[in-house]
Amino acid sequence: MAKRRGVWAELQRERARKQRLAQQAYRASVQAAKKAEREREQAQRAAARRAAQNERERKRLYIEDRKAEAADLAADLRERIEELDSVLTAGVRRRPDASFTSLKRTLQPPPFDPGGFDRPIPPPQWIPPQPPGVLGGLLGGRARYAREEAAARQTYERQRAQHAAAEADRLRRLEGRRRAYDQGLATESETVRRHNAEIDKFEQDFRAGDSDAVARFFTLILDSSPYPEGFPHRTRAIYRTEPRELVVEYELPPQSVIPDERDYKYVQSRDEIDNVARPVKETKDRYARLVAQIALRTLHEVFAGDPAAIVKVASFNGHVSTTDPATGQPVRPCLISVSAEKDLFSTFRLADVEPVACLKKLNALVSPHPYDLEPVRPVVDFEALLSQYKFVEGMDAVAGLDARSDLLDMTPTEFEHLVRQLFEAMGMKSWATQASKDDGVDAVAVNEDPVFGGLCVIQAKRYRSAVGVEPVRALAGVMEDKHATKGIMVTTSWVTKEGHAFAARHGRIQIMECEEIKYLCKEHLDLDVLISLPKPPPKRR
C-alpha cells in the first residue's frame with residue numbers, strides 16, 4: 001500500500017508539474033508574441049517620428065504612440081476579466097485529460113549508440129619493395145631486394161597481428177555496449193511494466209470503490225485542470241463508499257485575482273497613463289461570481305471525469321488562505337459549501353446558467369460576503385474532523401436485522417453502525433469511528449443547520465443494565481476536548497437518575513434510552529426491533 005501511494009503521489013506531482021509548465025509555456029508564448037508585436041509597432045512609430053519633417057508631426061506621432069500604449073494595457077485588462085468570467089464555460093468545454101490510460105507509460109527506447117565501434121578497422125596493405133632493375137641486379141641489387149622484402153614482410157605480419165588484436169578489442173567493446181544497452185532497455189522495460197501494473201491495480205481498486213483509490217484519482221483530475229494564472233492547485237478529497245459521495249476541499253484563489261483597475265487612459269496634459277479604479281461593489285460581485293463558477297466547475301469535473309460512475313453525490317468545500325485584516329493572523333475561512341446529486345446536476349446546462357442562481361438551486365451554503373471573508377459552516381470540516389478521528393468505512397448494520405431483530409444480539413460494532421445509520425436517516429451527516437483509541441467517541445455527526453447545527457459526539461452503549469453517571473460525565477469531557485456543540489448518549493438500556501441529573505445540569509447532553517431507540521428505528525429505518533432486557537427499565541414521568 002505504501003508503495004502504491006508513492007506511485008500515486010509521483011503521478012500527481014508529475015501531472016501537476018507538467019500542467020504548470022504547459023500553462024507557463026503557453027502564457028509565455030502569448031506574452032512574447034504580444035511584446036514582439038508591440039515592439040514592432042513602437043519601432044514603426046519611432047521610425048515615423050524620426051522621419052517627420054517638423055516638430056508638430058513628431059508631437060502628433062508621440063501622442064498616438066502613448067494612446068496606443070494605454071489601449072494595449074486596457075486590452076490586456078479586458079482579456080484577464082474575460083478569462084475570469086469564463087472559468088465555468090472553459091471547464092465545461094474541456095474534457096478531463098486524466099485517465100488510467102494516460103497515466104500509463106510507453107517504452108520509447110533510444111536508438112543504440114555503437115560509439116563508432118560498429119565500423120571495422122581497415123586492415124594493413126601489403127606493399128612490397130621496388131624490385132631492382134637489370135643493372136641493379138648485376139650490381140648486387142637482388143640481395144638487397146631480398147633483405148628489404150624480408151623486412152617489409154616482417155613489418156606487414158606485425159601490422160596484421162596488431163590489426164587483429166585491435167579488431168578483436170573493437171568487437172569486444174561493441175559487444176559490451178550492446179550488452180549495456182540491452183540491460184538498460186530490459187531495466188526500463190521492467191520499470192514501465194511495474195508502473196503500468198500499478199496503474200492497472202489502481203484502476204482495479206478504483207472500479208471496486210476503494211475509497212483511497214477513488215479519492216486519489218479525482219485529486220489527479222482536479223489538480224490537472226487548467227485555471228487562469230494566480231489560481232492555486234491544491235485539493236483534498238474523501239470518498240465515502242456507502243453513500244457513494246466524494247467530498248472535495250478546494251483552495252480558492254485570493255481576492256487579488258480580480259484586477260483593481262477597470263481601465264487605462266492617457267492624460268495628454270500630464271503625459272501620463274492613469275488607471276481607472278474598479279468600483280468596490282463590482283470587485284466584490286465579480287469575486288462572488290468567480291467562487292460560484294469554481295464550485296460548479298469542480299462538481300462538473302468530478303461527474304464528467306468519473307469513468308465507472310463511482311460517484312453518486314459530490315460535495316465541495318471552498319476555502320481561501322489569507323490574512324485576517326482585523327488581527328493580521330493567517331486564516332482559512334470556508335466561503336462556500338455545496339452538495340449535488342449526479343442525477344440532478346446532469347440536467348443542468350452549465351454553459352447557460354447564472355452561477356450564483358445555480359448554487360441557490362442546489363441549496364448551497366454560500367458566504368453572503370465572500371470578499372469580506374465571512375465564513376460558512378462546511379458540510380465536512382477536514383480540519384475539525386479528519387485531524388481528530390480515524391474513520392472506517394461504513395457497514396450496513398440495518399441489512400442484518402431482517403433475521404435478527406434483537407439489538408442485544410448485535411456486536412458492539414454493529415450497534416455503533418446502526419446508531420450511525422439512524423442519525424443519517426434523521427438527516428444528519430455522520431461517520432463511525434474506529435473501535436479503539438477513539439477518545440470515548442463511537443460516532444461523529446454534523447448537523448448542517450446554520451443556526452442550531454454543529455459538531456455532535458455520540459456514545460453508543462449496548463448495555464443490558466443501567467448506565468451510571470460516570471459515562472455521562474466522560475461524554476461531557478470528550479465534548480469539551482473536541483469543542484462539540486452537543487453530546488448524545490444512546491443506550492439499549494437506561495441511564496440512572498444521577499446520570500439524567502448531570503445531563504440536565506450540563507445542558508448540552510441528550511439521552512436516548514431503549515424505548516426511544518425502538519421508536520426511532522421504526523420511525524426512520526422502518527424496523528421493528530426488540531431489546532430483551534433482563535428486567536424492564538424504571539418508569540419515569
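A residue is described as buried when its relative accessible area is under 20%. In the predicted model examined here, phenylalanine 202 has a relative accessible area of 0% and is therefore buried. Phenylalanine 217 has a relative accessible area of 2%, so this residue is buried too.

Phenylalanine 202 is part of helix 6 (residues 141-207), whereas phenylalanine 217 is part of helix 7 (residues 211-223), so the pair ties together parts that are 15 residues apart in sequence. A further aromatic pair, between tyrosine 227 and tyrosine 250, is tilted, with 6.1 Å from centre to centre and 50 degrees between the planes. This pair links distant parts of the chain, 23 residues apart: tyrosine 227 lies in the loop between helix 7 and strand 1 (235-240), and tyrosine 250 lies in strand 2 (residues 245-251). Tyrosine 227 has a relative accessible area of 4% and is therefore buried. Tyrosine 250 likewise counts as buried, at 2% relative accessibility. One aromatic cluster is formed by Phe100, Phe202, Phe206, Phe217 and Phe218.

The nonpolar interior was examined next. In soluble globular proteins, nonpolar side chains tend to be buried together. The largest nonpolar core of the model contains 54 residues, and those with the most contacts inside this core are Phe218, Leu246, Leu252, Ile294, Phe316 and Phe345. Helix 8 (residues 280-304) supplies the largest share of the core, namely 10 residues. When residues up to four places away in sequence are not counted, phenylalanine 316 touches Val248, Tyr250, Leu252, Ile294, Ala295, Thr298, Leu299, Ile336, Ser337 and Val338. A second, separate core has 26 residues, among them Met410, Ala445, Ile531 and Leu533.

Empty space in the model was also examined. Rolling a probe the size of a water molecule over the atoms shows where such space is left. The largest pocket holds about 830 Å³ of space. Its lining consists of 24 residues, and Tyr26, Arg27, Glu79, Arg80 and Glu83 lie nearest the centre of the pocket. Helix 1 (2-51), helix 2 (55-85) and helix 3 (87-93) are the elements that each give two or more residues to this lining. Helix 1 gives the most, with 8 residues. By class, the lining of the largest pocket comprises 12 charged, 8 nonpolar and 4 polar residues.

The count of cavities of 30 Å³ or more comes to 1. The largest cavity has a volume of about 30 Å³, and its lining is made up of Leu84, Asp85, Ile258, Arg286, Arg289, Leu290 and Gln293. Two or more residues of this lining come from helix 2 and from helix 8, and helix 8 gives the most, with 4 residues. The lining of the largest cavity divides into 3 nonpolar, 3 charged and 1 polar residues.

Conventions. Residues numbered from 1 in each chain as written. Predicted model: local features only at pLDDT ≥ 70, side-chain atom pairs only at ≥ 80, totals over all residues. Heavy atoms only, no water. 1 Å grid on protein atoms, 1.4 Å probe; cavity = no way out; pocket = protein on both sides within 12 Å on 5 of 7 lines; lining within 4 Å. Points joined across faces, edges and corners; volume = space filled by probe spheres on them. Nonpolar A, V, L, I, M, F, W, Y, C, P; charged D, E, K, R; others polar. Core = buried A, V, L, I, M, F, W, Y, C linked by side-chain atoms within 4.5 Å. Buried < 20%, exposed > 50% of the residue type's maximum accessible area, 1.4 Å probe, protein only. Contact = heavy atoms within 4.5 Å. Phe/Tyr/Trp six-rings, centres within 6.5 Å; stacked < 30°, edge-to-face > 60°.
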